[in-house]
Amino acid sequence: MTNYDAVVIGAGQAGAPLAMRLAGSGLKVAIVERASVGGTCVNTGCTPTKALVASAYAAQQMRRAAEYGIVSQSPVRADMRQVKARKDKIVADRREGLRTSLESTDNCTLLHAPGRFLSPHEVDVGGIVLRADRVFIDVGSRGVVPLIPGLQTVDYLDNESILQLDILPRHLIVLGGSYISLEFAQMYRRFGSEVTIVERASRLISREDRDVSLAVQGILEAEGIAVHLGATATRAVQRDGTITLSIENGPDITGSHLLLAVGRRPNTDNLGLAAAGIEQDDRGFIKVDDELRTNVPDIWAMGDCNGRGAFTHTAYNDYEIVAANLLDNDRRRVSERIQAYAIYIDPRLAV
């Protein structure tokens, strides 16, 4: 058993800065990461998707050159291998920068392995047991896979696997009508794919005001994206290189690729939370109070896994709240933050 003052499980946008801040205060800290440092933002969220959005925007501006008196002699074509290579380099540079920062921080030990609670203050990390007075959880979330008959036999994409594509889908079907789905839909339309959005609600981004939803739908349709609303998928079939979604009370929709973007679930399945006595809600999110403390003393949950934000900036603000309360004698609360967010379609939707 190895003793630490603090163990941070997850090196995302809350866990990484907190580990460095705690270590800088003189505490002996272990930060545990089962995959790549940086969490969703650096690896499968903000950084890669906005790199792709920028490439798609460049393609769209080239198509519009004639509007500005610039004549192009050739049709615009996206070289998806080059697009992906650019994105991959940006991600790798940021991930490497964060890894270097963590490993060069005095009193901070970075461990690459899954972490699992054995008790409230004991965490198994690849067969090594860490004991700490304080434990901080920042394990993020992943895409929901809906219960659609036949989907398990289909080579579907999610927000992570679609980032590995280096080809242009002939026809991308996007299941879902919110942030992730709309960004990828417009992006791939601008790369040159035929794109169809399938949303079971009566309008896109249904949490927004109706006029905003309609305006966004109009923007996407003007670029040639087909939008099917009130469309519930009842079956998925893959045959001869095509994927077909059967729609309740509607026509079948057939494409070459299918992207699932219907919500997120927390990565709390294999943490051993029961062994620590940590409470979760019915969707698996860790319950926290207004200062991000769980029901177990000296254990906190930050970022997507606590269900209190699900954005990069709210995860980082979780870190700020925890650090202020613990280290600065500055009481801060989740309920005090004013939550803003944006959807990186073009034009941007900011709230």
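1. Ala, Val, Leu, Ile, Met, Phe, Trp, Tyr, Cys and Pro count as nonpolar here, and Asp, Glu, Lys and Arg as charged. On that basis the lining of the second largest cavity has seven nonpolar, no polar and two charged residues. The model is predicted.

2. The second largest cavity holds about 40 Å³ of space. Its lining includes Leu-52, Met-80, Lys-84, Lys-87 and Tyr-188. Helix α4 (residues 80-103) gives the most to this lining, with four residues.

3. The largest cavity has a volume of about 60 Å³. Two cavities of 30 Å³ or more are counted. By class, the lining of the largest cavity has six nonpolar, one polar and four charged residues. Among them are Glu-183, Arg-190, Asp-346 and Arg-348.

4. Which helices each supply at least two residues of the lining of the largest cavity? They are α3 (46-63) and α5 (179-191). The largest share, four residues, comes from α5.

5. Now the strands. Five of the six residues of β12 (residues 242-247) are buried, so this strand is largely enclosed by the rest of the structure.

6. On one side of the pairing, β12 runs antiparallel to β11 (residues 233-239) over six bridges. Thr-242 is the bridge partner of Arg-239. Two residues separate the strands in this hairpin, and Asp-240 in the turn has a positive phi of about 55°.

7. β12 also pairs with β13 (residues 253-255), in the antiparallel sense, over three bridges. Leu-245 has Ile-253 as its bridge partner. This hairpin has five residues between the strands, and Asn-249 takes a positive phi near 60°.

Key
Residues numbered from 1 in each chain as written. Predicted model: local features only at pLDDT ≥ 70, side-chain atom pairs only at ≥ 80, totals over all residues. Heavy atoms only, no water. Buried < 20%, exposed > 50% of the residue type's maximum accessible area, 1.4 Å probe, protein only. Pairing = 2+ DSSP bridges. 1 Å grid on protein atoms, 1.4 Å probe; cavity = no way out; pocket = protein on both sides within 12 Å on 5 of 7 lines; lining within 4 Å. Points joined across faces, edges and corners; volume = space filled by probe spheres on them.
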